Structures are given as C-alpha cells and as structure tokens.
Amino acid sequence: MSKGMSKWGKILVYSYMLLTCAISLLPLVWVFLSSLKVDPIAEHGFSWPASPTVDGYVNVFTKLHVLDYFWNSFKVVSVSVLLSISMISLSAYVIARMDFKGKGLVSAMIYSTLFIPATAMTFPIYNLVNKLGIYNTPMALIFVYTCSGIAMSFFIIRNYFSIIPKEMEEAAEIDGCSYFQVFWHVMLPIARPGIMTAAVIAFMNNWNEYYWSSMLLIKSESLTVPALLGQFTTSFNTNYNGLFSAIVVIILPPIILFACTSKYFVEALGGGAVKG
C-alpha cells in the first residue's frame with residue numbers, strides 16, 4: 001500500500017478488497033452450511049441449520065470411502081503434473097533462451113491450444129485412448145492431463161525464464177557447463193517460483209476436472225474425486241446433504257495446497273520486477 005495514498009483512497013482500496021473476499025467466500029459458506037442441514041432444499045439460503053448434522057460427512061468417509069477416491073486422484077494428478085511440468089520446463093527454456101528458425105511458429109502453436117474446447121477433442125481423444133488400449137485405466141487420465149493446460153503452464157514458465165539475466169547463463173557456459181547443466185544447475189533453481197506456480201495451478205485444475213474423469217474411467221475402484229459427486233444422484237432422487245458434504249471434503253486439499261504454496265505465487269508475480 002502506497003504511503004502517499006490519501007485516507008479516502010485507502011478506504012476505497014480496503015473496501016474493494018473486503019468486497020472481493022466476501023464474493024469469493026460466500027459460495028463456500030453456503031456449501032458448508034448446506035452440508036450441515038438434514039434437507040438443504042427445505043432449509044435453503046444462508047440460514048443456520050435448525051438441527052445441525054454431520055451424517056453427510058460420516059457417510060462420505062464410511063460408506064463411500066472417500067479416501068480411496070482421494071488416493072486415485074492423487075496418483076493420477078501427481079504423475080500427470082510431474083510429466084507435464086518437466087516437458088514444459090524444458091521446452092520453455094529452449095524457446096525463451098535460444099534462437100532458432102520457426103521459434104515464433106512453435107510458440108503460436110502452443111498458445112493456440114488455449115482456444116480449443118475440451119468438447120471439440122472428445123472423439124479424437126476417445127478414439128486414441130481406445131486404440132492405445134488404456135481406456136478405463138488411470139493411464140488414460142494421466143495421458144489426457146499431461147497434455148492439458150500446456151499453454152498456461154508454458155506461458156508462466158517461459159516468462160520467468162525470459163527475465164533471468166543472460167550473463168548468468170553465459171558465465172556457466174564459460175565454466176564448461178552443457179545446455180542441460182545450465183538448465184539444471186542455474187536456470188531451474190532461479191525459475192523455481194514460476195515452475196511451482198504452474199505446477200500448483202495444473203494440480204488444482206486436474207484435481208477438479210470432471211469431464212474427462214467421468215468419460216474415460218467407469219470402474220468404481222479407479223474413479224477420481226470429481227466422479228464421487230455423481231454417486232449422490234439417481235434417476236429419481238438426489239442426496240443433497242451428502243452431496244454438499246462431499247463438496248466440502250473435496251475442495252479442502254486444493255485450498256490447503258494453495259495456502260502452503262502461496263509464497264511461490266507472490267515470488268512469481270514479483271519476479272518480473274527485478275530483471276537484471
């Protein structure tokens with residue numbers, strides 16, 4: 001906050017921040033209150049439940065075994081993020097630090113994936129997964145998640161590589177380092193905030209992804225966390241108490257992850273201001 005800001009300016013800024021926080025938290029508060037109600041449809045709104053209950057949470061852990069879904073999601077998401085960020089970091093380093101013919105075209109092709117909706121890729125990916133023989137296996141989701149969100153991760157990591165002074169790279173090359181050694185020992189540690197930011201964003205996006213997880217996996221023992229929400233709806237009824245309880249449980253890991261890694265977001269946002 002600027003020291004030279006007027007009193008009314010500070011009031012305006014703080015009011016805007018409070019309004020933003022309220023808008024962000026209201027849906028979470030509503031879901032949490034609804035999870036404590038016996039019948040959220042009958043007791044709609046932000047009212048405190050007349051008879052608070054935790055039966056929904058008990059059922060999620062005892063009857064639906066939510067921890068099994070958590071483990072399935074963790075395995076798929078962790079492997080896919082590790083593979084995706086590893087490949088993107090190497091490609092972003094090459095494009096950010098080296099000059100070669102067709103560099104602009106490669107970047108444009110990567111960024112163009114931002115404009116391709118998932119529904120447009122449904123048949124090609126479904127057909128490819130079947131031909132590879134990995135349909136209805138965790139490998140199908142790992143394959144899709146590894147190739148998803150490439151443009152955003154590439155944008156973040158490439159921009160961070162671009163602000164690193166050229167002199168540091170040249171000094172390492174003078175000392176006899178190869179391109180990979182320069183990347184591993186010099187560039188990678190400095191670009192860690194940007195890489196961690198991209199990894200966390202990819203993890204949260206894949207953790208909450210429902211479209212592909214509901215299409216490529218049908219075995220109950222392999223389903224991921226988002227697919228758990230479909231267990232509360234039948235052709236004739238919806239268990240809203242259990243549904244809201246499951247939502248609360250599902251969104252906790254991404255919130256905890258972001259809280260633990262928020263410093264990397266701050267470093268990544270401030271990294272561009274200290275070039276040279």
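This is a predicted model: local features need pLDDT of at least 70, side-chain atom pairs count only at pLDDT 80 or more; totals for chains, interfaces and linings use all residues.
Is Lys166 buried, exposed or partly exposed? Residues are numbered from 1 along each chain as its sequence is written, and side-chain values use heavy atoms, with hydrogens and water left out.

**View 1. Arg97 and Glu169 pair up in a salt bridge.** Their N to O distance is 3.0 Å; a salt bridge here is a side-chain nitrogen of Lys or Arg within 4 Å of a carboxyl oxygen of Asp or Glu. Arg97 sits in helix α3 (residues 66–97) and Glu169 in helix α8 (residues 166–174), so this contact ties together parts 72 residues apart in sequence. Helices (H or I, at least four residues) are DSSP runs, numbered from the N terminus. Arg97 is buried at 10% relative accessible area, and Glu169 is buried too, at 2%. For the cut-offs, buried means under 20% relative accessible area, exposed over 50% and partly exposed in between (1.4 Å probe, protein chains only).

**View 2. Lys103 reaches Asp99 in a salt bridge.** Here N to O is 3.5 Å. Lys103 counts as buried at 18% relative accessibility, whereas Asp99, at 73%, counts as exposed.

View 3. As for the opening question, Lys166 is partly exposed, with a relative accessible area of 39%.

**View 4. Arg97, Lys166 and Glu169 form a network of salt bridges.** The structure holds three salt bridges.

Definitions and conventions. Helices (H or I, at least four residues) and strands (E, at least two) are DSSP runs, numbered from the N terminus.
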